[in-house]
Amino acid sequence: MSEPKKLFIKTYGCQMNVYDSERMAEALGGEGYVPTDRADDADMILLNTCHIREKAAEKVYSELGRFRGLKEEKPDLKIGVAGCVAQAEGAEIMERQPLVDLVVGPQSYHRLPELERKARNGEKALDTEFPEEDKFDHLKGRPKAARGPTAFLTVQEGCDKFCAFCVVPYTRGAEVSRPADRVIAEAHSLVERGVREITLLGQNVNAYHGHDDGLAGLIWALDKIDGLERIRFTTSHPNDMDEALIEAHGTCAKLMPYLHLPVQSGSDRILKRMNRKHTAEQYIRLIERIRSARPDILLSGDFIVGFPEETDADFADTMTLIREVGYGQAYSFKYSTRPGTPAAEREQVAEEVKSARLQELQALLTDQQRAAQDAMVGRKVSVLFEKPGRETGQMVGKSEYLHAVHVTAPDIGAGDIRPVRIVASNPNSLSGEIVG
Ligand code: SAH
Ligand code: SF4
Ligand code: F3S
């Protein structure tokens with residue numbers, strides 16, 4: 001029997017790429033590949049790339065350059081570029097960088113086996129189409145091997161919202177939802193393999209329409225799966241938070257009290273220019289409704305500072321909104337020009353101004369994050385344990401609020417869910433004791 005070929009995948013960007021990388025590994029598993037975590041050991045290297053901010057393509061070129069020596073040593077090594085940079089600039093990369101044998105866009109992963117064979121035959125293999133068929137229908141089922149207690153599951157892809165700063169509608173294409181029965185079947189198979197928590201993924205996951213009752217309908221269907229204990233979803237758009245989904249946060253015990261709901265800016269003028277299609281006030285009212293359904297929910301968000309034409313007053317409005325909402329977690333970015341998006345053509349904010357605003361905003365968000373974490377001390381939470389900690393006898397898991405929790409208890413295993421009393425708040429995690 002021939003030695004299995006080895007596949008090394010490096011993943012950048014969002015959780016959807018993490019999920020796609022797993023599925024690509026499975027698709028190539030059917031072609032005789034086993035995963036390796038060492039590039040120098042691989043017969044195929046795939047970079048699963050992200051295009052969301054500046055210098056995305058430059059990063060890919062410099063990463064590819066690092067493989068030159070490997071390819072000289074091992075001429076049979078195949079190198080591929082996947083993900084959003086492949087979609088946007090794949091053809092150009094293939095032309096400019098002769099090390100690249102294969103380019104595949106996010107909607108064409110089911111064609112990987114074919115592309116791999118082509119590359120093995122010494123041909124250049126490229127596919128960045130938006131095919132009619134759904135890639136997930138054609139990707140092989142997940143293999144039956146055991147896996148960790150948490151998993152991502154993509155249910156929706158693409159975006160029709162066209163925020164003025166964002167490349168996603170161009171790299172991932174139009175919104176598509178996977179039919180609920182396929183998602184439910186995949187969830188069953190994950191649970192059979194030891195998964196206890198599933199995070200439903202989509203660029204606009206709450207615009208999901210693969211179930212007659214939308215994302216809430218899908219969540220309630222998943223709620224019925226024995227052995228599945230926790231459900232999460234990300235990322236949501238404020239305009240797609242419907243009543244049924246808000247209500248599910250109050251009534252579905254398996255739906256975790258954590259919500260990532262990006263607002264980007266607190267200034268109505270900027271929100272309008274961003275094409276977000278809601279006001280700051282509407283977002284605040286929405287948060288109030290969500291909190292009245294689930295008072296302890298931990299909120300997370302995304303912010304962009306220095307969007308074209310953002311004034312000091314606009315930025316002050318964002319700071320006010322943050323103070324009003326109180327986030328437990330958040331991500332913030334300097335506006336980054338993306339060629340081909342409407343905002344790229346507008347008057348830009350000076351780099352020093354962007355940096356100063358980002359610093360100020362992050363200081364506030366860090367304080368809020370710290371306060372939310374410190375407020376957990378003395379509280380009883382439920383922890384899904386995932387892996388051993390750094391010290392002997394220690395296990396690390398996540399609370400329902402997604403805080404990392406360390407516990408020293410030798411009898412705990414990965415996949416156990418236990419009540420824990422939080423005793424200390426550390427820089428990036430909590431420590432606790434099992435209380436039952
Ligand atoms: N679909 C999600 C976001 C996907 S991109 C949503 O609508 O919320 C993830 C985050 O990257 C965005 O929320 C935004 O904050 C940030 N982002 C996207 N494009 C950006 C750009 N051009 N510059 C800076 N940040 C950007
Ligand atoms: Fe990008 Fe806006 Fe779509 Fe989110 S909703 S993916 S930020 S265009
Ligand atoms: Fe990046 Fe594409 Fe995700 S651009 S954030 S990998 S959808």
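This is a predicted model: local features need pLDDT of at least 70, side-chain atom pairs count only at pLDDT 80 or more; totals for chains, interfaces and linings use all residues.
**Ligand shells**
- Around ligand 2 sit Cys159, Lys161, Phe162, Cys163, Phe165, Cys166, Val168, Pro169, Asn204, His237 and Arg276.
- The ligand 2 shell counts seven nonpolar, two polar and two charged residues.

**Nonpolar cores**
- The largest nonpolar core holds 57 residues, and Leu200 and Tyr327 touch the most other members.
- Helix 12 (residues 280-293) gives the most to this core, with six residues.
- A second, separate core has 22 residues, including Ala42, Leu47, Ile79 and Ile93.
- Leaving out residues up to four places away in sequence, Leu200 touches Leu153, Val155, Val205, Leu215, Leu218, Ile219, Leu222, Ile231, Arg232, Phe233 and Thr234.
- In soluble globular proteins, nonpolar side chains tend to be buried together.

**Helix 9**
- Helix 9 (residues 214-223) is mostly covered, with eight of its ten residues buried.
- The buried residues are Gly214, Leu215, Ala216, Gly217, Leu218, Ile219, Ala221 and Leu222.
- Their packing partners are helix 8 (180-192), strand 10 (197-201), strand 11 (230-234) and helix 10 (243-251).

**Helix 13 against helix 14**
- The axes of helix 13 (residues 312-325) and helix 14 (residues 351-374) come within 11 Å and cross at roughly 5 degrees.
- Angles under 35 degrees count as roughly parallel, so helix 13 and helix 14 are roughly parallel to each other.
- Helix 13 contributes Asp312, Phe315, Thr318, Met319, Ile322 and Arg323 to the contact.
- Helix 14 meets them with Arg357, Glu360, Leu361, Leu364, Leu365 and Gln368.
- The residues of this contact divide into six nonpolar, two polar and four charged.

**Backbone details**
- The peptide bond from Thr234 to Thr235 is cis, with omega near 0 degrees.
- Thr235 lies in the loop between strand 11 and helix 10.
- Gln264 has phi near 75 degrees, a positive value in a residue other than glycine.
- Gln264 belongs to the loop between strand 12 (258-260) and helix 11 (268-273).
- The relative accessible area of Gln264 is 7%, so Gln264 is buried.
- Glu309 also has a positive phi, near 75 degrees.
- The loop between strand 13 (298-305) and helix 13 holds Glu309.
- With a relative accessible area of 28%, Glu309 is partly exposed.

Terms used. Residues are numbered from 1 along each chain as its sequence is written. Chains are lettered from A and ligands numbered from 1 in the order in which they are written. Side-chain values use heavy atoms; hydrogens and water are left out. Buried means under 20% relative accessible area, exposed over 50%, partly exposed in between (1.4 Å probe, protein chains only). Helices (H or I, at least four residues) and strands (E, at least two) are DSSP runs, numbered from the N terminus. Contact means heavy atoms within 4.5 Å. A nonpolar core is a set of buried Ala, Val, Leu, Ile, Met, Phe, Trp, Tyr and Cys residues joined through side-chain atoms within 4.5 Å. Axes are lines fitted to C-alpha atoms, for helices over the stretch in contact, and angles run from 0 to 180 degrees between N-to-C directions. Angles under 35 degrees count as roughly parallel, over 145 as roughly antiparallel, 65 to 115 as roughly perpendicular and the rest as oblique. Ala, Val, Leu, Ile, Met, Phe, Trp, Tyr, Cys and Pro count as nonpolar, Asp, Glu, Lys and Arg as charged, and the others, Gly among them, as polar. A residue is near a molecule or strand if one of its heavy atoms lies within 4 Å of it.
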